[in-house]
Amino acid sequence: MTIRRVLRAGHPAVRASCDPYPEDRIGDPAFDRLIDDMFESMRDYDGVGLAAPQIQEPYRILIYELEDTERYDRDERIDPTVLVNPTVVDHSENTVRDWEGCLSLPELRGEVPRYESVTVEGLDGTGESIRRQATGFEARIIQHELDHLDGTLFVDRMDDMSRLSYLKEFHQFHESDGSS
Ligand code: NI
């Protein structure tokens with residue numbers, strides 16, 4: 001496994017639209033290596049999610065997990081999850097606002113409206129069909145990472161740019177105003 005460099009905003013690969021990963025190559029050594037690299041890189045950078053284009057792999061693959069619940073002040077762990085060629089097939093009417101960060105926009109936090117729940121379909125890391133109904137933080141992670149597959153960053157989803165903050169100022173002024 002290799003820790004790969006996570007590209008930051010400004011690199012063209014972060015803004016590119018990705019291709020579906022060939023289904024018949026899921027489970028190949030190159031695929032398994034890519035997934036391993038994505039998890040190792042995400043963990044090394046202390047992220048909860050990562051999309052393949054962030055390590056310059058132009059495919060529709062995303063991963064996420066939440067092990068350290070304290071760090072993110074969340075109640076529930078989220079098991080390591082791989083989604084290949086995912087699509088949102090259903091979502092709630094209502095949206096919720098909460099703060100997000102991104103490994104491609106280090107040191108920034110922004111308040112982003114997202115659907116409260118989504119249903120996503122795709123393939124898992126073994127090529128099996130997967131359908132996941134997610135709510136709350138997991139739903140937020142899925143929407144954030146799915147956006148990466150089309151070159152969209154969380155700042156593009158913000159509707160109030162006064163709610164963009166550097167990390168230090170976020171802890172100082174905004175952490176307690178949390179989600180709504
Ligand atoms: Ni991100």
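Two strands count as paired here if DSSP finds at least two bridges between them. Helices (H or I, at least four residues) and strands (E, at least two) are themselves DSSP runs, numbered from the N terminus. With that in hand, an open sheet of 5 strands turns up in the order 1-2-3-6-7, with antiparallel pairing.

A word on ground rules. This is a predicted model, where local features need pLDDT of at least 70 and side-chain atom pairs count only at pLDDT 80 or more, while totals for chains, interfaces and linings use all residues. Residues are numbered from 1 along each chain as its sequence is written, and side-chain values use heavy atoms, with hydrogens and water left out.

**The chain as a whole**

The protein chain has 5 helices and 8 strands. From the N terminus on, they follow the pattern α-β-β-α-β-β-β-β-β-α-α-β-α. The radius of gyration (taken over C-alpha atoms) is 16 Å, close to the 16 Å that the globule rule gives for 180 residues, so the chain is as compact as a globular protein of that length. That rule is 2.2 Å times the number of residues to the power 0.38. Along the principal axes, the C-alpha atoms fill a box of roughly 50 × 35 × 30 Å.

Buried residues (under 20% relative accessible area; exposed is over 50%, partly exposed in between; 1.4 Å probe, protein chains only) make up 47% of the 180 residues. The accessible surface, from the Shrake-Rupley method with a 1.4 Å probe, comes to about 9,500 Å², and 43% of that belongs to carbon and sulfur atoms. As for contacts (heavy atoms within 4.5 Å), residues 24 or more positions apart account for 65% of those with a separation of 6 or more.

Strand 1 and strand 7 are the edge strands, each pairing on one side only. Neighbouring strands are turned by 40 degrees against each other on average, direction ignored. Axes here are lines fitted to C-alpha atoms, for helices over the stretch in contact, and angles run from 0 to 180 degrees between N-to-C directions.

Here is how the neighbours are joined:

| Strand pair | Bridges | Sense |
|---|---|---|
| Strand 1 (residues 49-51) and strand 2 | 3 bridges | antiparallel |
| Strand 2 and strand 3 (residues 78-91) | 5 bridges | antiparallel |
| Strand 3 and strand 6 | 5 bridges | antiparallel |
| Strand 6 and strand 7 (residues 129-135) | 7 bridges | antiparallel |

Strand 2 (residues 61-66) is mostly covered, with 6 of its 6 residues buried. I61, I63 and E65 point one way, and L62, Y64 and L66 the other way. Y64 is a handy landmark, being the bridge partner of G49 and standing opposite T81 in strand 3. L66, in turn, has I78 of strand 3 as its bridge partner. Helix 1 (residues 29-44) lies across strand 1, strand 2 and strand 3, running at about 45 degrees to strand 2.

Further along, strand 6 (residues 117-123) is mostly covered too, with 6 of its 7 residues buried. Its T119 is the bridge partner of D90, and S117 stands opposite T135 in strand 7. The hairpin of strand 6 and strand 7 has 5 residues between the strands, and G127 there takes a positive phi near 90 degrees.

Strand 5 and strand 8 are joined by 3 bridges, and G110 stands opposite L164 in strand 8.

**The nickel site**

Which residues hold the nickel ion as protein donors? They are C102 (SG), H144 (NE2) and H148 (NE2), lying 2.1 to 2.3 Å from the ion. Donors are N, O and S atoms within 2.8 Å of the metal (3.2 Å for Na, K and Ca), and water is not among the atoms, so sites may look incomplete. In sequence the spacing is C-x41-H-x3-H. C102 lies in the loop between strand 4 (95-100) and strand 5 (108-115) and H144 in helix 3 (residues 136-148), so the pair ties together parts that are 42 residues apart in sequence. C102 is buried, with a relative accessible area of 8%, and H144 also counts as buried, at 8% relative accessibility.
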